[in-house]
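Colleague: I would like to learn how to read a model like this one with care. Could you take me through it feature by feature, giving the general idea before the particular case?

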Amino acid sequence: MGLGGCIILIAVGAILTFATDWDMQGVNLDLVGVILMIVGLIGVTTFSSIARRRRVVVPPPTTTVVENDRHRHGDGYSDGYGV
């Protein structure tokens, strides 16, 4: 269940608990509303803790510098053919 579903459970539970005046035989709507709100709160806390674990900060990769051991001469004639 996602975060939206948890918020919907909390809203429906609050509506059943605080905004309705219905009487049903064998069902206490106030208790059902409180249970829905508790389940929604548990879902929100679980979802937020899982989402927090997924956000892993990865440091940027380090660049490695490879130095070339060859010594190049800039004139192009150092091999003995152009002198």
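Modeller: Among contacts in the protein chain between residues at least 6 apart in sequence, 53% join residues at least 24 apart. This is a predicted model, in which local features need pLDDT of at least 70 and side-chain atom pairs count only at pLDDT 80 or more, while totals for chains, interfaces and linings use all residues. Residues are numbered from 1 along each chain as its sequence is written, and side-chain values use heavy atoms, with hydrogens and water left out.

Colleague: Which secondary structure does the protein chain have?

Modeller: Helices (H or I, at least four residues) and strands (E, at least two) are DSSP runs, numbered from the N terminus. By that rule the protein chain has two helices and zero strands.

Colleague: How should I read burial, and which residues of α1 are buried?

Modeller: Buried means under 20% relative accessible area, exposed over 50%, and partly exposed in between, with a 1.4 Å probe and protein chains only. Buried residues make up 11% of the 83 residues in the protein chain, and in α1 they are Cys6, Gly13, Leu16 and Thr17. These cover an arc of only 95° around the axis, taken from the directions from the helix axis to the C-beta atoms, which puts them on the same side of α1. An α-helix has 3.6 residues a turn, so residues three or four places apart point the same way. The face of α1 turned away from the buried side carries the exposed residues Ile8, Phe18 and Ala19.

Colleague: What does Thr17 touch, leaving aside residues up to four places away in sequence?

Modeller: Thr17, which lies in helix α1 (residues 3-19), touches Asp30, Gly33, Val34 and Met37 on that count. Thr17 counts as buried because its relative accessibility is 14%. A polar atom of the Thr17 side chain also lies 2.8 Å from the backbone oxygen of Gly13.

How values were computed: A polar contact is a pair of N or O atoms within 3.5 Å; within protein, one must be able to donate a hydrogen and the other to accept it, and residues adjacent in sequence count only if both atoms are side-chain atoms. Contact means heavy atoms within 4.5 Å.
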